[in-house]
Amino acid sequence: QVQLVESGGGLVQAGESVRLSCVGSGRPLGSFALGWFRQPPGEEREFVAVVGYQGTRTHYTDSVKGRFTISRDDAKNTVYLQMNSLKPEDTAVYYCAVRTRPFAHVGPTTTSAYWYDFWGQGTQVTVSE
């Protein structure tokens with residue numbers, strides 16, 4: 001029902017910045033919560049950030065607070081992840097995801113991958129020292 005495509009990944013140096021984009025298609029995403037997850041090499045997928053409908057609320061994992069910013073542009077059906085001051089430990093495949101229950105509340109459950117219904121294919125971000 002919903003297709004998500006990430007872009008913007010690549011090879012960057014520590015301390016630099018990159019912005020990931022995730023464009024949705026199939027239906028408008030304006031009433032849905034949108035999240036970003038990442039999977040480092042050899043590790044499990046982990047929560048990064050989430051933004052509620054209309055950008056009313058955001059939540060971040062502790063390791064990225066103050067460095068990453070999630071935002072959305074519903075006119076473009078797109079969610080962004082601005083990543084500043086990148087560290088080698090940020091190296092991972094980054095995925096965007098959508099929760100397709102309208103007006104879902106952003107809370108503790110939004111950090112679980114099982115809360116989301118549709119996922120993008122992922123984009124690789126590699127941070128060199």
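Leu 81 sits in strand S8. Strands here are DSSP runs of type E with at least two residues, and helices are runs of H or I with at least four; both are numbered from the N terminus. The model is predicted: local features need pLDDT of at least 70, side-chain atom pairs count only at pLDDT 80 or more, and totals for chains, interfaces and linings use all residues. Residues are numbered from 1 along each chain as its sequence is written, and side-chain values use heavy atoms, with hydrogens and water left out.

Is Leu 81 buried or exposed? Leu 81 is buried, with a relative accessible area of 0%. Buried means under 20% relative accessible area, exposed over 50%, and partly exposed in between, with a 1.4 Å probe and protein chains only. Which residues does Leu 81 touch, leaving out those up to four places away in sequence? Among them are Val 18, Leu 20, Trp 36, Ala 49, Ile 70 and Tyr 94. Contact means heavy atoms within 4.5 Å. Val 5 is 76 residues from Leu 81 along the chain, and their C-alpha atoms are separated by 13 Å.

## The nonpolar cores

A nonpolar core is a set of buried Ala, Val, Leu, Ile, Met, Phe, Trp, Tyr and Cys residues joined through side-chain atoms within 4.5 Å. The largest one has 27 residues. Trp 36, Leu 81, Met 83 and Tyr 94 have the most contacts inside it. Elements giving two or more residues to this core include S3 (18-25), S4 (33-39), S8 (78-83) and S9 (92-99). S9 gives the most, with 4 residues.

## An open sheet

Four strands form an open sheet, in the order S1-S3-S8-S7, with antiparallel pairing. Two strands pair if DSSP finds at least two bridges between them. Strand S1 (3-7) and S7 stand at the edges with a single partner strand each, so one side of each has no neighbour in the sheet. On average, neighbouring strands of this sheet are turned by 15° against each other, direction ignored. Axes are lines fitted to C-alpha atoms, for helices over the stretch in contact; angles run from 0 to 180 degrees between N-to-C directions.

S3 and S8 are antiparallel partners, paired over 6 bridges. Leu 20 stands opposite Leu 81 in S8.

Why is S4 largely enclosed by the rest of the structure? Because 6 of its 7 residues are buried.

S4 runs antiparallel to S9, joined by 7 bridges. Ala 33 stands opposite Arg 99 in S9. S4 also runs antiparallel to S5, with 5 bridges. There, Trp 36 stands opposite Ala 49 in S5. The hairpin of S4 and S5 has 6 residues between the strands, and Gly 42 in this hairpin takes a positive phi near 75°.

## The whole protein

How many helices and strands does the protein have? It has 0 helices and 11 strands. The radius of gyration is 14 Å, close to the 14 Å that the globule rule gives for 129 residues, so the protein is as compact as a globular protein of that length. This radius is taken over C-alpha atoms, and the rule is 2.2 Å times the number of residues to the power 0.38. The C-alpha trace spans about 40 × 25 × 25 Å along its principal axes.

Of the 129 residues, 46% count as buried. Of the contacts with a separation of 6 or more, 60% join residues 24 or more positions apart.
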